[in-house]
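Work through the exercises below with the sequence and the coordinates at hand, and try each task before reading its solution.

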Amino acid sequence: MSSLSTPGLAMKHGADDAPLVSPDEPAPVEVIAARADPFVFVCEHASNRVPRALGDLGLPPEAFERHIAWDPGAALLTRALARRFGGAAVLQAYSRLVIDCNRAPELPDAITPISEDTAIPGNGDLTSADRARRIDAVWTPFHAAIDAMMAGRRMAGRPTVFVTLHSFTPVYRGVARPWHVGLIEADDRRLAEPMLAALAADPARVVGDNQPYSAKDNVDYTIRRHGRDRDLPHVMIEVRNDLLRTPSDIEAWTRRLGDALAAGTRGLGIDFSEAAADG
């Protein structure tokens, strides 16, 4: 699934007037228009692609199949939930190693020189111009697309429930993670609380409440900026990536998460018809 440039290249710099993303490469953001309300689904780590101008960032091809480069299964889950509800979706088209769109761009780990325990040579010793080039080419268009979508919905008086989709690695720095799924929120538990109850109804399912991450880990940028700051019900969903390996896995988690989202949203008094999503 990886879409990498020529192996062996680890370019960091380029002419200031040269685009980081060439016209013949995918746009930095994929937008799926809504067919029904109220859901907007977002996937910040949907892809492991790197712009040709950055080469391979000094990494072997197999590194881009790992969680350090993207969230395996998250894009498929995002698209499946958008289909189920007819909801809008916004997906990032480039690797989190180029720039992490779920971080404020000024943070050091927005363009991290080390991910988990792996050095990223192409992210070392970047100048302010190098960083600005990545922000302008990848980060800014992604959040601008979400801003434009949310502004349009507000102007039209459309109800919105904001949901981001992620996956997490089963073992992090040698420590096993027991959770099957976790929910994260940014100081607003209106949606997370009923979803946690729905997901935990199966006693065999280990559900994390602000686990394996929380806002304290600086992972709440997108839900905070586009959800909490607009006073919208929101949730960040994390599914363990070894549970998203096959089409049947994606189908099962689409059903589980979709049922929990539906129950939580109706519990907030936001009505909708899933049948309308099929139109």
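Helix axes are lines fitted to C-alpha atoms over the stretch in contact, and the angle between two of them, taken between N-to-C directions, runs from 0 to 180 degrees. The model used here is predicted.

**Exercise 1.** Determine how α1 packs against α5, and which residues make the contact.

*Solution.* Begin with the axes: helix α1 (residues 74-85) and α5 pack at an angle of about 55°, and their axes are 10 Å apart. The crossing in which α1 passes α5 is right-handed. Next, list the contact: Leu76, Leu77, Ala80, Leu81, Arg84 and Phe85 of α1 meet α5 residues including Ile250, Trp253, Leu257 and Ala262.

**Exercise 2.** Describe the crossing of α3 with α5.

*Solution.* The axes of helix α3 (residues 192-199) and helix α5 (residues 247-267) come within 8 Å and cross at roughly 135°, which makes α3 oblique to α5. Here, too, the crossing is right-handed. On the α3 side, Pro194, Met195, Ala198 and Leu199 take part, meeting Arg256, Leu257, Ala260, Leu261 and Gly264 in α5. The classes in this contact are 7 nonpolar, 1 polar and 1 charged.

**Exercise 3.** Which residues lie closest to the centre of the largest pocket?

*Solution.* The largest pocket holds about 560 Å³ of space. Of its 26 lining residues, Arg96, Arg103, Ser115, Tyr172 and Tyr213 are the closest to its centre. By class, the lining has 10 nonpolar, 7 polar and 9 charged residues.

How values were computed
Residues numbered from 1 in each chain as written. Predicted model: local features only at pLDDT ≥ 70, side-chain atom pairs only at ≥ 80, totals over all residues. Heavy atoms only, no water. Helix = DSSP H or I, 4+ residues; strand = E, 2+ residues; numbered from the N terminus. Parallel < 35°, antiparallel > 145°, perpendicular 65-115°, else oblique. Left-handed = near helix turned anticlockwise from the far one by under 90°. Contact = heavy atoms within 4.5 Å. Nonpolar A, V, L, I, M, F, W, Y, C, P; charged D, E, K, R; others polar. 1 Å grid on protein atoms, 1.4 Å probe; cavity = no way out; pocket = protein on both sides within 12 Å on 5 of 7 lines; lining within 4 Å. Points joined across faces, edges and corners; volume = space filled by probe spheres on them.
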